[in-house]
Amino acid sequence: MTRHLLPIALAAAVAFPALASAADTQPPPRIIVSGEGEATVAPDMAILSLSVMREAKSAREALDANNDAMAAVIAAMKSAGIAERDLQTAGIQINPRYNYTNKADGSQEAELVAYQVTNTLSVRVRNVDKTGEILDKAVSLGVNQGGGITFTNDDPKVTITEARKKAVADAMAKAKTLAEATGVSLGKVLEITDQNVAPVPMPMAAKSFDAARSAVPVQAGENSYNVQVTVTFELK
């Protein structure tokens with residue numbers, strides 16, 4: 001071998017093992033499938049959003065009237081067995097209210113007629129059966145806005161675990177079907193990701209409060225927890 005060809009031969013000798021090593025490290029064939037699982041459970045807690053709105057000529061008068069009404073609502077909640085930790089002020093708003101008069105030139109003249117103060121209280125009811133009673137007490141004592149209800153679970157871990165197992169089983173069944181259809185076998189699991197889907201809140205319209213004359217009829221139903229997983233399998 002001539003001297004000027006020796007570096008090329010040495011470079012080739014180094015390159016070919018590197019190429020062989022790169023071929024050996026190519027990722028194995030794989031399949032990615034998704035699965036979904038669902039599990040249901042009866043709710044054991046209701047979260048209420050209750051608002052008191054009071055109106056007066058001055059902001060001070062409206063706030064004082066609102067404070068008195070909301071204090072009575074909070075006292076009633078506590079007397080009904082709602083713990084201090086389950087009562088939380090969600091917001092206070094003070095807004096002027098105007099009357100608008102159309103003028104001959106097409107513009108409007110605004111007249112301040114009152115101030116409105118709204119205080120919103122979030123209440124966790126841990127005994128779902130008492131939800132209607134709590135609503136009735138609140139309306140009787142001055143709650144006149146809001147009415148949002150979310151039925152939830154204090155600790156849904158067991159139900160979510162059940163849904164997750166179903167989702168994985170669904171993904172594995174899909175992967176097995178696809179593998180058999182293409183004449184290959186499933187290998188080990190390379191990666192799993194999942195996503196929890198929380199139950200949708202169940203709202204109650206504020207107008208339901210206007211007609212309340214006794215304990216409000218409330219149906220808690222059941223919560224459905226969904227889990228979606230994506231599983232990557234090696235193919236053999």
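Asp 86 is buried, with a relative accessible area of 3%, where buried stands for under 20% relative accessible area, exposed for over 50% and partly exposed for anything in between, worked out with a 1.4 Å probe and the protein chains only. The structure that holds this residue is a predicted model, in which local features need pLDDT of at least 70 and side-chain atom pairs count only at pLDDT 80 or more, while totals for chains, interfaces and linings use all residues. Residues are numbered from 1 along each chain as its sequence is written, and side-chain values use heavy atoms, with hydrogens and water left out.

Of the 236 residues in the protein, 30% are buried. The protein exposes about 14600 Å², of which carbon and sulfur atoms supply 54%, the areas coming from the Shrake-Rupley method with a 1.4 Å probe, and for residues only the protein chains shown count as cover.

Side chains of opposite charge can pair when their charged atoms come close. A salt bridge here is a side-chain nitrogen of Lys or Arg within 4 Å of a carboxyl oxygen of Asp or Glu, and by this rule the count comes to 9. One of them joins Arg 124 to Asp 86, with the closest N and O atoms 3.8 Å apart. This pair links distant parts of the chain, since Arg 124 belongs to strand β4 (residues 108–125) and Asp 86 to the loop between α2 and β3 (87–102), 38 residues apart. Arg 124 is partly exposed at 29% relative accessible area, whereas Asp 86 is buried. Both residues also belong to a network of salt bridges that links Asp 86, Arg 124, Arg 126 and Asp 154.

Other pairs lie within a helix. In helix α2 (residues 59–79), Asp 64 and Arg 60 are 4 residues apart, about one turn of the helix, and their side chains meet in a salt bridge at 2.7 Å, N to O. Asp 64 is partly exposed at 34% relative accessibility, and Arg 60 is partly exposed at 48%. Lys 174 and Asp 170 form a salt bridge with their closest N and O atoms 3.6 Å apart; they sit 4 residues apart in helix α4 (residues 157–182), so about one helical turn separates them.

Key
Helices (H or I, at least four residues) and strands (E, at least two) are DSSP runs, numbered from the N terminus.
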